[in-house]
Amino acid sequence: MAIELKMPALSPTMEEGTLAKWLKAEGDTIEIGDIIAEIETDKATMEFEAVDEGTLGKIMVEEGTEGVKVGTVIAMLAGEGEDASAAAAESTEAAPVVDVPGEGKDVGRAESEAEITKPVRKTDVRDPDVPEGTSFTSTSVREALRDGMAEEMRRDERVFVMGEEVAQYQGAYKVTQGLLDEFGPKRVIDTPITEYGFAGIGAGAAMGGLRPIVEFMTFNFAMQAIDHIINSAAKTNYMSGGQMRCPVVFRGPNGAASRVGAQHSQNYGPWYASVPGLIVIAPYDAADAKGLMKAAIRCEDPVVFLENELVYGRSFDVPDMDDYVLPIGKARIMREGSDVTIVAYSIAVSLALEAAEELAGEGIDAEVIDLRTLRPLDKKAILTSLAKTNRLVIAEEGWPTCSIASEIIAICMEEGFDHLDAPVTRVCDEDVPLPYAANLEKLALIDTPRIVKAAKKVCYRD
Amino acid sequence: MAKAPRSKKTATKSPAEDTDFVLHSLQDALDKKKRYDASTEQMQSFYEQMLLIRRFEERAGQLYGLGLIGGFCHLYIGQEAVAVGLQSALTEGLDSVITGYRDHGHMLAYGIDPKVIMAELTGREAGISKGKGGSMHMFSTEHKFYGGHGIVGAQVSLGGGLALAHQYNNDGGLCLAYFGDGAANQGQVYETFNMAALWKLPIVFVVENNQYAMGTAVGRSSAETEFYRRGTAFRIPGMKVNGMDVLEVRQAAEIAFAHVREGKGPVLMECETYRYRGHSMSDPAKYRTREEVQDVREHKDPIEGLKKVLLENGSNEDDLKAIDKDIRKVVSEAADFAENSPEPEAAELYTDVLVEEY
């Protein structure tokens with residue numbers, strides 16, 4: 001059967017071009033790889049190469065023709081043992097390809113089927129019950145994180161920790177203290193200072209079936225590795241049609257510490273929370289740190305686990321339970337109230353709680369919500385509280401522009417507008433790189449008085 | 001906490017303490033015997049695989065020209081001997097492979113059905129990634145083929161992780177991590193070299209040197225164009241291999257794999273090859289002459305080269321023609337399948353973003 005030679009596209013966006021020159025004539029023998037013609041667009045000239053052998057039959061588009069649509073039959077090629085003139089006779093009207101797939105048309109699908117189905121979130125998930133009579137132990141966030149990791153390492157041989165100074169040094173911030181002694185160097189691996197490389201090795205090990213916990217000394221250094229967090233870890237499951245998972249935990253301190261300057265003081269919560277395919281967790285207290293760390297390690301999806309250096313040393317009660325695993329994607333009401341909602345996460349939760357105390361003294365009953373997970377965001381918890389208090393303030397230790405706060409404001413506008421009695425207000429850091437000087441640093445960072453002020457304002461009490 | 005034995009992660013000696021390191025130790029072994037003693041059957045199988053890749057890619061190029069394949073499409077034409085020679089030496093179901101975006105050939109070398117590969121190129125539901133990955137993002141965990149990665153060089157550190165998993169599980173497997181001469185200038189490649197050598201990871205790094213990083217000739221982008229030497233700073237032995245000769249590639253694979261399986265750490269293998277087509281389909285190829293391409297095609301073509309050996313060893317022209325005919329049929333069917341199967345359901349838009357529900 002004769003083969004139709006069609007006008008090729010040089011790129012997916014090319015729709016037509018000029019058939020500049022025929023380099024073969026009718027009746028010529030064509031070998032694979034022969035250049036048959038030259039095609040031109042405004043961007044490039046392309047040689048049209050034969051991928052089949054045979055004899056060139058009828059040329060149907062003369063050289064010099066402009067505006068030849070992609071897919072138009074430009075010549076016929078007769079195969080071995082075929083008559084070239086027959087190939088010519090067989091040729092039909094040059095017809096452009098009508099439906100170009102890859103440009104969004106539904107090949108073989110009825111229009112009615114083309115509906116987008118968004119997944120439905122689980123609604124019935126709650127924190128595990130702490131049975132009556134359970135004892136509590138005062139534990140620092142640092143220890144709680146370590147205990148969570150250690151418990152999961154005992155439970156699952158595939159879990160290991162890698163990062164700078166995690167083993168012999170016992171962790172730059174002592175979060176991995178004692179792990180080397182218990183689990184040995186195979187499972188607690190000191191890496192060179194090489195974030196991009198070891199983030200890739202961690203992600204690759206997860207693809208290969210292990211459960212890595214990759215520690216970044218701080219998330220500021222993860223900027224060097226963000227390609228693997230996003231392009232390798234977050235997107236692979238989708239790109240592979242669900243074939244290849246990447247169950248890795250990237251963890252480390254995030255946000256401003258104390259007087260360490262602009263390059264060591266940034267909150268990456270909003271960055272990672274904008275990426276589909278990632279889970280982003282940012283706990284505040286020790287019990288949540290432990291319960292969510294265990295959940296993160298068991299999670300089949302890649303997790304970014306954002307800790308806070310200033311909170312590491314603070315102690316909170318942690319229930320003495322064998323397996324305290326918290327649900328991912330669920331916010332927690334830290335304090336119930338009826339006049340105004342303050343939404344916060346990570347270190348800002350403590351400021352929000354302080355603000356609520358102060359507000360109580362002035363007769364304002366504030367509800368404080370700890371998001372705990374930044375992606376997926378617990379919209380329901382936010383909107384339920386808003387429906388109750390009708391006023392909402394977001395407290396976030398981070399820049400205001402394109403922040404978690406901005407996102408929550410958008411959610412309240414889109415889905416909670418009817419419940420609003422005042423504009424939703426954000427209290428964030430100032431929009432500057434964090435300065436070193438003590439006075440300027442203090443000015444730049446979110447604090448309790450600012451939250452109090454914002455809460456009073458939305459209550460029209462200022 | 002209980003004390004774990006303070007056993008070293010790997011062998012007691014760190015690479016820096018190894019006074020016997022010689023860059024060329026493996027090259028010497030290869031120079032002694034350049035070509036693998038393949039049986040006629042094996043050679044015929046190499047020939048079929050290479051020809052399948054060639055014909056498949058030619059057809060992919062055609063479908064791209066017709067607008068059936070979108071976006072980027074990087075063809076493997078000219079480089080067939082590399083994937084076929086190396087992958088034929090792997091232990092199936094044990095060793096893992098990872099590569100960059102020019103990945104069709106590596107998939108085909110595994111014997112993965114050309115239909116599901118072509119259907120991925122056309123973005124159809126039946127594609128190996130359900131049409132969600134495309135040309136650059138194909139995976140087969142069943143074959144331990146881990147993709148198909150679009151960020152140049154990223155597959156090298158991911159490959160380091162796959163090798164770490166082999167070592168961690170003590171399963172005796174190795175990882176084969178391919179990258180190009182272009183990717184060889186990415187920083188993370190050297191970060192991975194360092195850790196792989198330090199931890200003696202079972203990994204073979206393969207530079208497919210096809211002479212051009214997109215449109216930039218190696219000499220214009222690389223201070224050291226002898227890529228096999230680039231592991232020297234990390235004490236990784238290097239091998240320089242004629243990537244246009246499938247039997248030499250296979251022989252090099254035997255030597256490198258044996259070294260790695262003995263727990264001696266990584267090997268860096270440079271396969272000198274050539275891509276006949278542009279970097280991607282939209283490459284105007286202004287950076288090299290047609291004569292240069294033609295010269296390689298005529299004198300160094302891996303398929304023609306093996307054909308010659310086969311003919312010398314008793315195969316006849318008709319048999320080989322028959323193979324070609326069969327392969328054309330397979331490719332034709334794959335193309336028809338890819339053209340006629342449906343695009344993914346709209347409902348697939350939100351599936352596979354996450355594994356779990358929250």
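**Exercise 1.** Is K144(B) buried or exposed, and how many other C-beta atoms lie within 10 Å?

*Solution.* This is a predicted model, in which local features need pLDDT of at least 70, side-chain atom pairs count only at pLDDT 80 or more, and totals for chains, interfaces and linings use all residues. Residues are numbered from 1 along each chain as its sequence is written, with chains lettered from A and ligands numbered from 1 in the order in which they are written.
Step 1: a residue is buried if 20 or more other C-beta atoms, placed from the backbone, lie within 10 Å of its own, exposed if 12 or fewer, and partly exposed in between.
Step 2: K144(B) has 22 such atoms, so K144(B) is buried.
Step 3: its phi is positive, about 60 degrees, although K144(B) is not a glycine.

**Exercise 2.** Classify R259(A) by the count of other C-beta atoms within 10 Å.

*Solution.* Step 1: the count is 13, so R259(A) is partly exposed.
Step 1: the phi of R259(A), which is not a glycine, is near 60 degrees, a positive value.

**Exercise 3.** Find the cis peptide bonds that join R375(A) to P376(A) and G147(B) to G148(B).

*Solution.* Step 1: between R375(A) and P376(A), omega is about 0 degrees.
Step 1: between G147(B) and G148(B), omega is about 25 degrees.

**Exercise 4.** How many residues of chain B are in contact with chain A?

*Solution.* Step 1: contact asks for C-beta atoms, placed from the backbone, within 7 Å.
Step 1: 65 residues of chain B meet this with 74 residues of chain A.

Key:
Contact = placed C-beta atoms within 7 Å.
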